[in-house]
Structure formats: C-alpha cells, structure tokens
Amino acid sequence: MHLVIISGAARPRARSNTAKIIAAFQKGYEEGGNTTEVWYLSDQSQWAGATQAFERSDNILIALPLYVENIPGILLEFLSGLRPKTVPGTRLAFLLQGGFPEASQSRCCEAYLETLPALLGCEYAGTLIKGDLFGLSLTDEKSRAKLLAPFTEMGRYYAKTGYFDKSVVDKFAAPEYMPRGEIRMYNLIFRHISRLFMGRIAKKLGCRGRLDDRPYASCVR
Ligand SMILES: Cc1cc2nc3c(=O)[nH]c(=O)nc-3n(C[C@H](O)[C@H](O)[C@H](O)COP(=O)(O)O)c2cc1C
C-alpha cells in the first residue's frame, strides 16, 4: 500500500523534528513492501507537488508539530488551498508531536484535526500523538534513536491496521498529565537544571539576550 506523507512543519527538513519522526515512521511502514512519498511544506517549491499528491492519493498522513496548541500557520494555509474530494474513499490520518510532555497539550489540536477530513471529503483515520520531543534534534544519536524507535513501531502498526485506534494512541501518548509528585520535584530541583539546559540550547541557536527578558515591560502598566 502506498502512503503519501505531508509534513506541515515550518522548520526546514534538515532541522525539523517532524522530518526525523517521519523517517522513523516510514522505516516501519515500508517493512513488508509498502511504499511512501514525503512532501515538506517548509519548502514552498513542494506545495504544487503536495497538492497533486493529495488529489491523486487515497491514503494520506499529515505529520505536524504542535504550534501554540494547534496546527502551524503554513499547514493551515496549505489546507485552505485544497479542493475537497468529491469521490469518497480517501483515508486521512495525522501524526501530531509537541514539545511539552503532557498529551493534554495536544487535545485541542486533536479535536480540530478530527473535523478536517470531512471538510476535505476524506475519512478520518485517527491521530497519533506524542509529546516531550522538543530536544529531539539536540540530543546525541543514541538518545535520538531511543526516542524514534516507538515511531518505527507505530509505522508497522499503521501498515497493518490503516487506522490509529484511539485506545492505542492514548497509551502511546501518555502521560496525559504529569503526576503531582513529579511536578513538585520539578519545581524543587529540576527547574534549575532545566533552566541551565535551556540557556545552553538558546545560546546554541543564536540567542544573545536573557531568556526571561521582558523588553516591552516598561510599556505595560
Ligand atoms: C512557535 C512554536 C510554538 C510551539 N507551541 C507548542 C505548544 O503549544 N505545545 C507543545 O507541546 N509544543 C510546542 N512547541 C514545540 C514544538 O511542537 C516541538 O519542539 C516540535 O518537536 C517541533 O517540531 P519541528 O522541529 O518539526 O518544527 C512550539 C514550538 C514553536 C516554535
């Protein structure tokens, strides 16, 4: 079975967590002879090809990062340019990944994604959710492989079922909320380590100011 994958990530492919997750998913999906093709919306020159792939395929997966609790703007723009299908039978699934660890972060976006296939003349084939992936591109190869292995497993699962079953997805997405004890521990100890770690990442990404800077604070009464 052939699967068209469209990445709705705004970051270019080389730096995108979504791209790495797609590659891991493809690995599992293609075992046993299935095929895939991937279109990256971060590259404007691929939009026409992605539109054609959407029109001609009946098996589509849109992979996206969570942006401010919903879908990235470029994906919204792409979707609004698509013509809804008039012939039934296209399955449309989603792979939604975010930075914060709690699955509850993604529920608002999931509710939106559930409404999309009907608007596009497709059938909803489920949404795979996973958080805690902010650092995926920043970790060493060994830790990255560990984080990506479950997506290869889910690629195998999707090849077999053609659907992300809600109970399987919820288990995969856990935790829904962080346990209270863990939050208390975080506030006591890990917050400081995390701040140090985030400062280093920010520096690596070119940030020169303070992370808690409030340049417009004087304008707010
Ligand atoms: C503008 C912006 C908004 C974000 N909003 C959220 C959010 O609301 N919840 C969350 O869990 N992660 C959020 N993230 C984190 C990303 O979803 C996460 O780092 C993801 O792995 C990035 O994937 P990408 O590298 O393919 O863009 C946000 C990141 C950015 C840049």
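## Strand β3

A residue counts as buried when its relative accessible area is under 20%. In this predicted model, strand β3, made up of residues 59-65, is mostly covered: seven of its seven residues are buried.

Leaving aside neighbours within four places in sequence, Ile62 is in contact with Ile6, Leu75, Leu79, Leu92, Ala93, Phe94 and Leu95.

## The sheet

β3 belongs to an open sheet of five strands, ordered β2-β1-β3-β4-β5 and paired in parallel. The edges are taken by β2 (35-40) and β5 (123-130); each has a single partner strand, so one side of each has no neighbour in the sheet. Direction ignored, neighbouring strands of the sheet are turned by 20 degrees against each other on average.

On one side, β3 runs parallel to strand β1 (residues 2-7), and four bridges join the two. Within this pair, Ser7 stands opposite Ala63 of β3. With strand β4 (residues 91-97), β3 pairs in the parallel sense over seven bridges. Leu61 has Ala93 as its bridge partner in β4, and Ala63 has Leu95 as its bridge partner there.

## Nonpolar cores

The largest nonpolar core has 27 residues. Those with the most contacts inside this core are Ile62, Leu64, Leu75, Phe78, Leu79, Leu113 and Leu120. At least two residues of the core come from each of β1, α2 (47-56), β3, α3, β4 and α4 (107-119). The largest share, four residues, is supplied by α2.

There is also a second, separate core of 26 residues. Among its members are Tyr40, Leu148, Val169 and Phe172.

## Domains

The chain is divided into domain 1, covering residues 2-173, and domain 2, covering residues 180-219. The C-alpha centres of domain 1 and domain 2 are 29 Å apart.

## Methionine 178

Met178 is found in the loop between α6 (166-173) and α7 (180-204). Its relative accessibility is 22%, so Met178 counts as partly exposed. The cut-off matters here, because a buried residue must be under 20% and an exposed one over 50%.

Not counting residues up to four places away in sequence, Met178 touches Pro101, Glu102 and Ile183. Asp165 and Met178 are 13 residues apart in sequence, and their C-alpha atoms are 23 Å apart in space.

Key. Residues are numbered from 1 along each chain as its sequence is written. This is a predicted model: local features need pLDDT of at least 70, side-chain atom pairs count only at pLDDT 80 or more; totals for chains, interfaces and linings use all residues. Side-chain values use heavy atoms; hydrogens and water are left out. Domain bounds come from an automatic or database domain assignment. Buried means under 20% relative accessible area, exposed over 50%, partly exposed in between (1.4 Å probe, protein chains only). Two strands pair if DSSP finds at least two bridges between them. A nonpolar core is a set of buried Ala, Val, Leu, Ile, Met, Phe, Trp, Tyr and Cys residues joined through side-chain atoms within 4.5 Å. Contact means heavy atoms within 4.5 Å. Axes are lines fitted to C-alpha atoms, for helices over the stretch in contact, and angles run from 0 to 180 degrees between N-to-C directions.
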